[in-house]
Structures are given as C-alpha cells and as structure tokens.
Amino acid sequence: MKFAYRFSNLLGTVYRCGNLNFTCDGNSVISPVGNRVTVFDLKNNKSNTLPLATRYNIKCVGLSPDGRLAIVVDEVCSLPTGGDALLVSLVCRSVLHRFHFKGAVHSVSFSPDGRKFVVTKGNIAQMYHAPGRKREFNAFVLDKTYFGPYDETTCIDWTDDSRCFAVGSRDMSTWVFGAERWDNLIYYALGGHKDAIVACFFEASSLDLYTLSQDGALCVWQCDTLPEGLRLKAPTGWKADLLRREEEEEEEEEGAERETTIRGKATPAAEEQQGKVKYSRLAKYFFNKEGDFNNLTAAAYHKKVHLLVTGFASGIFHLHELPEFNLIHSLSISDQRVASVAINSSGDWIAFGCSGLGQLLVWEWQSESYVLKQQGHFNSMVSLAYSPDGQHIVTGGDDGKVKVWNTLSGFCFVTFTEHSSGVTGVTFTTTGYVIVTSSMDGTVRAFDLHRYRNFRTFTSPRPTQFSCVAVDSSGEIVSAGAQDSFEVFIWSMQTGRLLDVLSGHEGPISGLCFNPMKSVLASASWDRTVRLWDMADSWRTTETLALTSDALAVTFRPDGAELAVATLNAQITFWDPENAVQMGSIEGRHDLKTGRKELDKITAKHSAKGKAFTTLCYSADGQSILAGGMSKFVCIYHVREQILRKKFEISCNLSLDAMEEFLNRRKMTEFGNLALIDQDAAEEGGVVIPLPGVKKGDMSSRHFKPEIRVTSLRFSPTGRCWAATTTEGLLIYSLDAQMLFDPFELDTSVTPVRIRAALRQRDFTRAILLAFRLNERKLLQETLEAVPWDEIEVISSSLPDLYVEKVLEFLASSFEVSRHLEFYLIWTQKLLMVHGQKLKSRVGTLLPVVQFLQKNIQRHLDDVSKLCDWNRYNLQYALAISKQRGLKRPSEPPGSEEEADASEDDDDSLHLLGGGPGHADGPLA
C-alpha cells in the first residue's frame, strides 16, 4: 500500500476566530479555522480546507479585490513580537511569500484598486504596496506609516477610489488618512464616541463616514469635499529640488521604494485647518434601548444597498438602512457573541461567525432563510466511524452530540442531541443506515439514517457509564463496556432487550471489538487482560490474553485472523485469536514523541514514560496499523515487519499546548513561568482586572490553551484515506495520486509513443497493458476511452488477472471526475461478469477496491435517482394539467383516443425513467 497520504480536508470545525470574507463572486465564504483557512462553496455545497497552516491561530484575513490573493496573519501568543503573515494564492492554493510584521496585527485591508493594502498594528497604520502578478524579490514593500491614535487601532475602511482610508481606534477616535499626499487632507481626527471604535465605513463615492463604537452608538459624519476635490500637494523650494534629484536616482536604480511617515495631531492648530477638508456630525443613533447594555462586537456595511449589519455580544444581530437608520429586522442567532460579520458582493447573503460555539451561519435576509448553518462540536471530538461505503463519517463529542458528515461535501447534514452527557463511542452497522453510540449518561442509542430518529435506547439494570460500544457483522447484537461496574452488556437490536451481562474483568472496560468474520467479541480492560467471548457458545470466555500492562485499545484485522492491542507501556501487541498466541509487538514510546506543556514541571522525555497509544486501526488491506495518542504525531507501522513506515505531524499550531518539546526560556523569570499569568485578560471576552471596589466582570473566567491529542483514528473502507479526531477537528488525509510516478514492471519498450501506436493499430489490449505498466493517469484515460463500447467485453476477457484489479481501481477513481458515466459502467459490468469468479477467490485483497468502486457508483445513483424522480414528477404533473385544461367538469371516462395516446406516452416516459412496465413508483421528490 502506498503511503503518499496528504492533508486533504478539515471537518468538524467551521469557524474559530478572526474575520470572515466572501469571495468576489459572492458564492463562497472564506473562514479561518484555527491555523488553517477553509473555503465554503455555497453554490456547489462543498467545503475545502487549503493545504497550508500558520504557526498560531489566524487573527485576520485580507482578500484582494480580484479574489486571487489573500494575506493571512496569525495572532500574537504571549510573546513580545508576533504577526507572522502568509501571502496565499487562492488560485493555486499555495503560499507565495512569508512576512513578519513584528507586532500584533488587528486587521488588514486591500484598497479597491488592488495596488495598496493597509495593516493596523499597535497604535499605527502601515500602508504597503500590494504584491503584483510579476515575480518580486520582496512582495511586501512598506510605503507609508501613519501615526495618530494613542491606543490600539482596530478597523480599516477604504473609499471607492482608493484615495483615502479610515482607521478606528480603542481610544474612541477615528482617523481619516490620505493614501497620497493630498494638499487639503493629510489626516483628520473624529471623536464623538464614549467607547472603543468597532467599525468605520465610507459611503459610496463619497468621503462621508459612519463610525460605530462598542457601546452601541452610530455617528454619521458629513464631509464638505467630494473625493474629486482632493488636490495633490506640490513640493516647493529646496524640497522640490531634493525630490527631483531623488526621483532621478530612483530611475537609475530601477525604482527603489522609500518609506514616508505621517504624524497626525488630535487637535491641529487653527492655521493648519484653513482650506482643508472639514467633517461635521449630522446625527448620532443608539442601538441599545434605554437600560439595555449590549456590547456591539462586529459590523459590516454594503455601500450599494446601504445595508448596515451589526452583531452583538448576546448573539443578536440587527439590519438597518442608512443613513435614515431604519430597522429592517432583528434576530437572535446564538447565545454567544457574534465575532465576525460579512456581506457578499450582491448584498443578499450575510455571514456570521460565533467563536464561542464555533458556529458559521449564512443568512439570506430578504427571504429570511439560512443558506448555511454549520456548527462543530462544542468540546473536543472523542470518537469517529466510517460508513461501510466510505461516504459518511459519524463523530461523537464531549458535548453529547452525534454528528454525521458527508466526506464529499465536507458538511454535517444531521446532528443527534438525545444524549445528555459525553459520547464515548460511535459505530455503523454493516448496512450503513444505523448508527450506534454509547455515552456517559448510561444509555446506548441506535439512530436511523433514513428517518433521522433515535429508534432504540438500550440501558443497563443498574445505572452505569458506558466507555465503548461495538456491533457484530450481522447488525443484530449490540455490546457496550461499563466503566464503573467492569461488565460487558449484550442487547438485541431487534427487540431492544438485554440478552446477557458478561462479567469477569476486574477493571474498567477500555475497548470492544467484534471479529468481522466470526461471532467472537474481544474486550480489553485495565486489568491487563483481553478476553475473547464466543457468542455461539453462550458467551463463554474462550480465551484470556494476559498482557504486561493495562489495555487501552483493541481491534481486529479486517479478515479477523489477527488481533492488535495497545497497552499503557506504549506497546502494540499482535495476537492470533484462534490459538491465543502472541505473534509480535511494537515498542512505540520513542515514536509517540510527546511535547512538554507550559506548566509541566518535568521534561517531555520523562513525561513520555506515562504516555501511550490510545487508539488503533488497521488499514483496509490489513498490512499496516495506524496508531495515535496524547501527541501531535500519528504513526503507521508495518505489521509483519514491525517497523515504522511513516509518521504524520497532524498540527503545527503553537496556540495549542504540548506542541513543543522544550519550554521557551523567554517565558521563565525569577518569579516563575509567565504562562501562569493570564495574558489575554484585556482582550474581547476576557476580564479586565478591575480597580479596587469594582465588581464588574466574572473573576473566575480564565483563558487556557487546549492540549493537542488524537482521540480516534479510522481508515476508510476504500483504503484511499484515513480520518483522525483531534483537538483541531476532524482531519482527513487522502492519497495524493497526482504527484506520484509509480510505474509497474517498467522497461525501455514502454513509452507513450508505443502506446499511441498500438491504439492507431487498434491493438487495444496491448495498449491497455502498456499504459498500466507506465501508469500515467492521462494516458490511461486516453487508452480506455479509445476502446469502442461494443468491443469492451472482448477486451475485458483478454486482460490478465493481474491487470483486472488495476483497471477496476482506475475505474473507481474515474467515477469521481469523469462525465462518461455509462461508458465506465459498461467497463465495470463486463470486467465483473467475466472475471467475477476469479476475483471472489482474492476477496481479502480486493475488498478496498470494490468498496471504493461501490462508493462512487452509489453516489452517482443517489444524484441521478433524485433527478429522475423529479423529472418523472414534472412529467406526470404536466400531463395531468394538460388533461384538465379547459374542462369545468370531471374528465370523461377513460376510453377516448386522446387519453389513450396520452396514457401510452406517459407509460413510455415512465418506462424509460423507471424499471419497465412492472416497476413500482418510488417516492416522488
């Protein structure tokens, strides 16, 4: 099996912190998720996470006007400096340049013409030349630095013509700066607020300004000058000569850039204000009613529609029409603060991000309906399971929710909230339509994916907490392990009755697994044993496997001929379940390589002695095993050779704890560790340390860094990808086949020229064999699609057995991207008909390929069947309407020629879409 697995998508987390952006076409939302960026395509119903990551959680994202580039800046994490930035190409999804702003950046914004961008850093604003399409040595060239505000700058907005921009500050002032050296506008300070500025917006094609503060006040400012009235400042005297000389030198040196500094004063002298731009306050409005103290946390303004959207700390948002301040509507979307708001280019869709619950909502305000409503698990994910066809993933979290995700779209399509405590285990039955979950609330529940309901609830005679769950291959027997009574409970799925209680363990049950081929249940416990229970023999213990340490996880190989157990001493032991003989072991402590937490008193090397693998999973072909635990690494071992094949680092996010092996010495002082001090107390949502006598705020509130860990791992039944539930979310790693050149039995005679020559000679079998030996995807596609459809059966029968599996695997992957659905279905049918018996004898090795094929065919069936049902319904409706047209009374009894003809046409159309004359009508869409 190849191990060119690469990160492909992040599910389970839709928004963490930072600002939301719509793409320039208005159809996609760009959301920062921890230290990664996810693009949600709302038209095609897909989510995709870019294959790049910053060192800390992302603070802000600036999008260029043409939608090609994005500047991603991460947060400062309790260090004197911070603000690492990535210049990202959204076209080729890669990092073009890295830059360090040397300070905490709060916001970044491109000018509408795309030539400049401004970042707010500390109490200054810096304007840079935007990176162009030509290759540059330094993509970030500083143009001007603007001083003026006394406190931290918070927000930026540009005028439509890119001549000026406004900057809001925590010192309750808003500053208007000129992007060029205008004679009548260098800087202008606006007051009028009693709290920190949250947002400021220019009116369309005007210098008129709206400013919003945190206490819910809106000021409307009118400017006495139009944007066209701004005059460039002409240099005079010795400055002009100096500038002319410098310009000549610059031309000789091919345009070296020079930084200029503009220092503003809050109260300039009267003579400086003569002949300059002046602002006057037209009106001041308040969002909060009298006695209501609701902090304004986010705002967005659409200049063409004059629509102002404001989000508040209580989860409410308002829509107002400006400048009259007419309330359009108000709605509560959450009980947590709205952290970010964005409006798309047409002004129809509004995106809201709530960082407290990890919610992302896209609201269509005119129809008052949700375009997108997604939320991850509030606490960490604990367990996951793949459906048998690999199309769906179910996850369970500490918040008691069970979520089902579509692997193709990346969206959660159903959430079950019946559990009242943390979910500890989830699994699918072999049909793929029933999910079974165990929980700390003392119940095991079965959910139906057809009707989306909880149809069975299994309980124990005495209340107990369940730590794991397993379902046998028939889907009839459900078992769960207890954490406090050390027993295994067995129920019937059909009746819901308790069949048996298996006792014998002397410690909490840590894992259960049914043999896929036999009616044998393996139970692992902290009492240093794994017991095998035979269902056919009245649940008697057939074997007890003695271990050297506490068992933490147990799993069977897909063919049921081997059992793997992870123990507390970081070993993985392999057993023959038939003879109860140990077949090998892997020492994994050095591969796990845990990090040191900020508050740990001992080093990572010594703390690793208490760390072990907590989750195991065999690959689809059973040759390798995947292992993970309290670490940022996931290891793949070869079972027979007992060696480490590959180690994946699932995160590089230093905002999580236990990421680094050594402590940062800059945080160590003579008084102790700086990590003990709550650095973010003054941030939004934090608690400002009050003066004596002030009782405002929750003094028990603290910021903490979540610890990196891998709680569950599962291989897809198709063998093409694997998933891990981690602190960051649900990570999907897929085989990256595009970048690999992986020939098969290659020699000098196999060349693209010879393959195409064989095609011209219509020697299709030889061309296919040569193409699969070279193994280049485009050439394979060209060769297979050159075969006439009526000759497919003959060529399928002439293929050697060794190549049939390769052709099937190629067909399965082609179903994902190709439009030639019927052509590839004919290939698949003929191959399986001709070689079916021989393939059945190698079912163990072929199972992942067949499941991959089944997954993609099933996906097409679902899509086409919905379309056909909808078309059939429309045809029936059109025929029924045509019969009723012009008739006031009920129609004549059947027998007339016209009705007979119509019914024949109706039957013909339905025979095409259905399954022939005897085909029963399915449910209509």
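Reader: With which residues is Phe772 in contact, leaving aside its neighbours within four places in sequence?

Author: This is a predicted model, in which local features need pLDDT of at least 70 and side-chain atom pairs count only at pLDDT 80 or more, while totals for chains, interfaces and linings use all residues. Residues are numbered from 1 along each chain as its sequence is written, and side-chain values use heavy atoms, without hydrogens and water. Contact means heavy atoms within 4.5 Å. With those neighbours set aside, the partners of Phe772 are Phe744, Leu780, Tyr803, Lys806, Val807 and Phe810.

Reader: How are helix 5 and helix 6 oriented to each other, roughly parallel or roughly antiparallel?

Author: Helices are DSSP runs (H or I, at least four residues), numbered from the N terminus. Axes are lines fitted to C-alpha atoms over the stretch in contact, with angles from 0 to 180 degrees between N-to-C directions; here the axes come within 8 Å and cross at roughly 160°. Angles over 145 degrees count as roughly antiparallel, and those under 35 as roughly parallel. Helix 5 and helix 6 are therefore roughly antiparallel.

Reader: Which residues of helix 6 meet helix 5?

Author: Helix 5 contributes Pro752, Arg754, Ile755, Ala758 and Leu759. By class, this contact has 9 nonpolar, no polar and 2 charged residues. On the side of helix 6, the residues are Phe764, Arg766, Ala767, Leu770, Ala771 and Leu774.

Reader: How is helix 5 oriented to helix 7?

Author: Helix 5 and helix 7 pack at an angle of about 10°, with axes 11 Å apart. The two are therefore roughly parallel.

Note on methods:
Angles under 35 degrees count as roughly parallel, over 145 as roughly antiparallel, 65 to 115 as roughly perpendicular and the rest as oblique. Ala, Val, Leu, Ile, Met, Phe, Trp, Tyr, Cys and Pro count as nonpolar, Asp, Glu, Lys and Arg as charged, and the others, Gly among them, as polar.
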